[in-house]
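Please look over the chain shown here. The report below covers its helices and its aromatic rings.

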Amino acid sequence: MVPKIRLDNIRSDMKDTPRHISDIQKKIILSKTNEERSLMGAEMIDSVYQMIRDRIIEEKPGLSKREINAEMFLRYYQNEFSEQEKEKIIASIKSG
């Protein structure tokens, strides 16, 4: 079972969207089923993944698929592991 999403308690310090537009967005999101909202979230995650991947390829053209995957790992988990752990993981990613 997908948990219900409550949008009334989400706090944001960014207030660049007019209130009436924010209310319309909220109404649209809440009109969707839990499954539709979950799919929207998954699509957003996929989009961010592709943007990061594209940026790496743009910044470092010529990388192999494994090298791109190692760079992706660093972008997502750079602060989650020690330098020694990252080196082992990257070596594993690059070796396949």
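What follows goes from the overall fold to helix packing, then to the aromatic residues.

**Basis and fold**

This is a predicted model: local features need pLDDT of at least 70, side-chain atom pairs count only at pLDDT 80 or more, and totals for chains, interfaces and linings use all residues. Residues are numbered from 1 along each chain as its sequence is written, and side-chain values use heavy atoms, with hydrogens and water left out.

The chain has four helices and zero strands. Read along the sequence, the pattern is α-α-α-α. Helices (H or I, at least four residues) and strands (E, at least two) are DSSP runs, numbered from the N terminus. Of the 96 residues, 10% count as buried. Buried means under 20% relative accessible area, exposed means over 50%, and partly exposed lies in between (1.4 Å probe, protein chains only). Take contacts between residues at least 6 apart in sequence: 30% of them join residues at least 24 apart. A contact means heavy atoms within 4.5 Å.

**Helix packing**

Two packed helices are described by the angle between their axes and the distance between the axes. Axes are lines fitted to C-alpha atoms, for helices over the stretch in contact, and angles run from 0 to 180 degrees between N-to-C directions.

The axes of H3 (residues 65–77) and H4 (residues 83–95) come within 8 Å and cross at roughly 150°. That makes H3 roughly antiparallel to H4. Angles under 35 degrees count as roughly parallel, over 145 as roughly antiparallel, 65 to 115 as roughly perpendicular and the rest as oblique. H3 passes H4 in a right-handed crossing. A crossing is right-handed if the near helix is turned clockwise from the far one by less than a right angle, and left-handed if anticlockwise.

On the H3 side, the residues in contact are Arg66, Glu67, Asn69, Ala70, Phe73, Leu74 and Tyr77; they meet Lys86, Ile89, Ile90, Ile93, Lys94 and Ser95 in H4. By class, this contact has seven nonpolar, two polar and four charged residues. Ala, Val, Leu, Ile, Met, Phe, Trp, Tyr, Cys and Pro count as nonpolar, Asp, Glu, Lys and Arg as charged, and the others, Gly among them, as polar.

H2 and H3 pack at an angle of about 120°, with their axes 10 Å apart. That makes H2 oblique to H3. This crossing is right-handed too. H2 brings residues including Val48, Tyr49, Ile52 and Ile56 to the contact, and H3 brings residues including Ile68, Met72 and Tyr76. The contact of H2 with H3 divides into eight nonpolar, one polar and six charged residues.

**Aromatic residues**

Which residues form the one aromatic cluster? They are Tyr49, Phe73, Tyr76, Tyr77 and Phe81. A pair of aromatic rings is described by the distance of the centres and the angle of the planes. Rings of Phe, Tyr and Trp (its six-membered ring) pair if their centres lie within 6.5 Å; planes under 30 degrees apart count as stacked, over 60 as edge-to-face and the rest as tilted. The count comes to five aromatic pairs. Two of them are tabulated here.

| Pair | Centre to centre | Angle of planes | Type |
|---|---|---|---|
| Tyr49 and Tyr76 | 6.5 Å | 25° | stacked |
| Tyr76 and Tyr77 | 6.2 Å | 40° | tilted |

Tyr49 lies in H2 (residues 34–59) and Tyr76 in H3, so their pair ties together parts that are 27 residues apart in sequence. Tyr49 is partly exposed, at 35% relative accessibility. Tyr76 is partly exposed at 37%, and Tyr77 is partly exposed at 41%.

Leaving aside neighbours within four places in sequence, Tyr76 is in contact with Val48, Tyr49 and Ile52. Tyr76 and Ile52 are 24 residues apart in sequence and 9.4 Å apart in space, C-alpha to C-alpha.
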